[in-house]
Amino acid sequence: MGVCTRAYAAQFHALEISRDGDIYRLSADVYLDAPLPQVYRVLTDYNHLTRISRVIRRSRLLERPDAHTALVYMESRACVLFFCHTIKEIQKVTESPPGTLTAAAIPELSNVKHDESDWHLQAEGRGTRMQWTLTIEPEFWIPPLIGPALVKSQLRAEGEFSARGIEKLARERAHLPPASTSTHAPAAQTR
C-alpha cells in the first residue's frame, strides 16, 4: 500500500491585512512545503530578492557590519491606480539563525516613512511554518476613498505571491520537485 506524499503549494493558516491611518500591516501564518534551512537561505539571498516578489525591482547586499547583520539595498515599484512610486530603501537585516529575521528600513537612507518585516520559521513535518509580519507606512500620496482598499488588495496578492515564490525557490535548493497547486490543498484562511 502506497502513502500519498503529494506536495501542495504554500498553505495559509492566516493572512490578514489591516490599516491604521497611513500604516498598513500584513500578518501571515503559512506552511511551506520546503525544508527550513532552504527557506532561510532564500530569505537571506539578498542579491536575488526580486525572485520572490513582483514589486522588488532591485536588491543587493551592501555590507555586513557583523556576522548576523546585513545592510541591503532594495528598490520597489508600488502603484495605486495610475499613481506609481519607486521606493528606494536601505534595510538593516538582523539574522538569528536558524529561523528568525528582522528587517527595518533606515529612515535617513530611504524614501519610505516606515518599513519593517519579521519572519519566524519553525520546522513542521517535512516543511516549514513561516510567520511573517510586515508594517509599512508609504511616503507617497494614496488617493482617498478607493486607494486604501487597493493597497490592502495588493498587499494580500503580494503576500500570497511571495510565500509561493519562497516555497518554490526553497524546494529547488533542496532538489525537490515543484509543489502542486492542486485545488485539493486546504483553503487559505484569510481576512
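These are my notebook entries on a predicted model of one protein.

**Entry 1: ground rules**

I number residues from 1 along each chain as its sequence is written, and side-chain values use heavy atoms, with hydrogens and water left out. Since the model is predicted, local features need pLDDT of at least 70 and side-chain atom pairs count only at pLDDT 80 or more, while totals for chains, interfaces and linings use all residues.

**Entry 2: overall layout**

I looked up the secondary structure and found two helices and eight strands. Helices (H or I, at least four residues) and strands (E, at least two) are DSSP runs, numbered from the N terminus. Along the sequence the pattern reads β-β-α-β-β-β-β-β-β-α. The protein has 191 residues, and 45% of them count as buried. Buried means under 20% relative accessible area, exposed over 50%, and partly exposed in between (1.4 Å probe, protein chains only).

**Entry 3: the largest pocket**

On a 1 Å grid over the protein atoms alone, a cavity is a set of points where a 1.4 Å probe fits but cannot get out; a pocket is an open set with protein on both sides within 12 Å along at least five of seven lines; lining residues have an atom within 4 Å of a point. Grid points are joined across faces, edges and corners, and a volume is the space filled by probe spheres set on the points.

The largest pocket has a volume of about 860 Å³. I noted 40 lining residues, with Ser53, Val55, Ser76, Leu134 and Glu158 nearest the centre of the pocket. The elements that give two or more residues to this lining are β2 (23-32), β3 (56-66), β4 (69-80), β5, β6 (100-105), β7 (114-124), β8 (127-137) and α2 (147-173). Helix α2 gives the most, with eight residues. By class, I read 27 nonpolar, seven polar and six charged residues in the lining of the largest pocket. Here Ala, Val, Leu, Ile, Met, Phe, Trp, Tyr, Cys and Pro count as nonpolar, Asp, Glu, Lys and Arg as charged, and the others, Gly among them, as polar.

**Entry 4: the largest cavity**

I found one cavity of 30 Å³ or more. The largest cavity has a volume of about 50 Å³. The residues that line this cavity are Val42, Asp45, His48, Arg51, Ile52, Leu169 and Arg173. By class, the lining of the largest cavity splits into three nonpolar, one polar and three charged residues.

**Entry 5: salt bridges**

I looked up the salt bridges (a side-chain nitrogen of Lys or Arg within 4 Å of a carboxyl oxygen of Asp or Glu) and found ten in the structure.

One of them joins the side chains of Glu158 and Arg54 (3.6 Å, N to O). Glu158 lies in helix α2 and Arg54 in the loop between α1 (36-43) and β3, so the pair ties together parts that are 104 residues apart in sequence. I have Glu158 as buried because its relative accessibility is 12%, and Arg54 as partly exposed because its value is 47%. Glu158 is also among the residues nearest the centre of the largest pocket.

Glu124 and Arg129 meet through their side chains in another salt bridge (3.0 Å, N to O). Glu124 is partly exposed at 31% relative accessibility, and Arg129 is partly exposed at 23%. I also noted that Asp29, Glu124 and Arg129 are linked in a network of salt bridges.

A further salt bridge joins Lys168 and Glu172 (2.8 Å, N to O). Both residues lie in helix α2, four residues apart, about one turn of the helix. Glu172 is partly exposed, with a relative accessible area of 38%.

**Entry 6: a surface patch**

I found a nonpolar surface patch of about 380 Å², made by Leu81, Phe82 and Phe83. Patches are made of residues with over 30% relative accessible area and no salt bridge: like charges are joined within 9 Å, nonpolar side chains (Val, Leu, Ile, Met, Phe, Trp, Tyr) within 5 Å. Accessible areas come from the Shrake-Rupley method with a 1.4 Å probe; for residues, only the protein chains shown count as cover. Phe83 belongs to strand β5 (residues 83-96) and is partly exposed at 39% relative accessibility.

Most residues other than glycine have a negative phi, and most peptide bonds are trans. I noted a cis peptide bond from Pro97 to Pro98, with omega near 15 degrees. Pro98 sits in the loop between β5 and β6. His175 is not a glycine, yet has a positive phi of about 60 degrees. His175 is in the segment after α2 and counts as exposed because its relative accessibility is 73%.
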